[in-house]
Every structure is written in structure tokens, then in C-alpha cells.
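Please examine the model shown below.

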Amino acid sequence: MKTNRRCRALLAVSLNLMALLFSTTAFITTHWCEGTQRVPKPSCGKEKKTNCLNYGGNETANETNQNVVHYSWETGDDRFLFRYFHTGIWYSCEENINAAGEKCRSFIDLAPASEKGVLWLSVVSEVLYIMLLVVGFSLMCLELFHSSSVIDGLKLNAFAAVFTVLSGLLGMVAHMMYTQVFQVTVSLGPEDWRPHSWDYGWSFCLAWGSFTCCMAASVTTLNSYTKTVIEFRHKRKIFEQGFREEQNFLDQEAIKYFRERTEEERAEPGDLRLQCLHSCSPN
């Protein structure tokens, strides 16, 4: 029983630790959603000679460069670039078409005014989700390494299960609220940011993976609690049943003993009379 209980506690701690690592990584990274944005190509200049628009100038100098587009109203999509972007809870970063690297801006500033409150609720829920995961992980570690008795371990187990379930519910709500805010921002956000195409990134997968591990840890903890209680009650029932049987056996032995004792006491006066008659009778 003790070995199985320890194995279940170790599994719950491992799942909770994975959920904590996944949620923290997802919270601080910027790959919840990623895709491309369609933006106009910049004008060609001395420092920009590729992927640009030539509004006149020296055409012969650029006629051999296939990345230079000669400006015309008939060029259509040739006047646009598709730059890569990725967005997290805090920042949205996009490829810099004028230089190497990326430029980032606050996603909270990009969100429409009507969605800022929902976004802040999502942020607060994510923080509470991580904090409750830490509390649940601490209680599970205490139950695994420092519980001196079964009763203390069961109390810690129960509290850890409650905190883990609450954290999972908060995490689910936070992820759904952020998804809603992002979808509204795609439609109503700034013109220079709106994605041409997008999909969910690896940070989003980590966030839901964290939720899955969290719920698995809570189920494992509850299973460990209920199984330990059931085993404890079963052993107590067996003990009480054995105690009753032993008590009945002792009672029967006591009744038998007192019955035999009573019969001996009843027989003793007759024996004394017989002894007296034999001793007092003449030869």
C-alpha cells in the first residue's frame, strides 16, 4: 500500500512540474499565434535594393535585379510583401523589412479598447494559474517527502488536489479569453498589423499541454486520495471484524470458564461431607 501510494504521489508531482514548466514558458514567450502580414514594399534607395519598389530613377541600373519591382498600377500583389509575425500575451513581433531582425510592440496596445479588459483578465488568470500550480506542487512535495503519517498525507493530498483543479480551471478560462481577444484584434486591430493568414503556434500548444498535465495531476492526486481512503477503511473493517470475532471467542471462553467454576463450587460441599463421614465413622 505504501509503495503504490508513493508511486502515485511521484507521478502527480511529475505531472504538476511539467504543467508548471509548460505554463511558465508559454506565458513569457511570443508564439501563441503566428502567420504572415501583407505590407507594401518599401521604396528602393541606396541601402534598400531588393524587395522594393522603383518609382522611377535609373531603370537600367536595376533591370538585372529581379527583386526590384517597377511601380505600376497593374502590378497588383507584386507591390506587397508577406512578412512573418508571431504574437504572445505581452508582445507581437514582426519581421523588419527595412533591416535585419525583428521589431516588437505591445500586444496590449494593439488590442481594441473593447477587449482590453478581457485581455487583462486573461493575464491575471494566467498569473493565478501559475501561482496555484506552485502551491499544488509544494503541497504534493510535502506529502511525498515530509508526511509523517497517513492522516497527514491524506490532508495534504486533498488540499493539493483542490488547488490543482482550481488552477486547471483558471488556466482553461485564461487560454479561451486570450484566443477571443486575438480573434477580435485580427478583425478590428490596426491596419498595419492585421494578419493576412495566421495559425496557432507552439506557445499555444504548450499552454494547452500545461492544462492537460495539470488536470492529469489533479486526477492522479484525487485517485491517490480516494484509493488510500478506501484501502484504509477496508483494513479498518477487517480489523474491526477480527476484533469482534476475537471478542466473541474470549466471551465464550469466559462463559465456559465461569460455568465450570460454578459447577466446581457446587460440587465442593458434598465432597467435604463425604470426607467428614469417612474421618468420623468408627472402625
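A cavity is, on a 1 Å grid over the protein atoms alone, a set of points where a 1.4 Å probe fits but cannot get out, and its lining residues have an atom within 4 Å of a point. This is a predicted model, in which local features need pLDDT of at least 70, side-chain atom pairs count only at pLDDT 80 or more, and totals for chains, interfaces and linings use all residues. Residues are numbered from 1 along each chain as its sequence is written, and side-chain values use heavy atoms, with hydrogens and water left out.

Q: Which residues line the largest cavity?
A: The lining consists of Arg8, Ala9, Ala12, Met140, Glu143, Asn157, Ala160, Thr220, Thr221 and Ser224. The volume of this cavity, taken as the space filled by probe spheres set on grid points joined across faces, edges and corners, is about 50 Å³.

Q: Which helices each supply at least two residues of that lining?
A: They are helix 1 (2-28), helix 4, helix 5 (150-188) and helix 6, helices being DSSP runs of H or I, at least four residues, numbered from the N terminus.

Q: Why is Thr221 called buried?
A: Buried means under 20% relative accessible area (1.4 Å probe, protein chains only), exposed over 50%, and partly exposed in between. Thr221 has 4%, and is therefore buried. Thr221 is found in helix 6 (residues 202-280).

Q: What makes Met131 partly exposed?
A: Met131 counts as partly exposed because its relative accessibility is 48%. Met131 lies in helix 4 (residues 116-145).

Methods:
1 Å grid on protein atoms, 1.4 Å probe; cavity = no way out; pocket = protein on both sides within 12 Å on 5 of 7 lines; lining within 4 Å.
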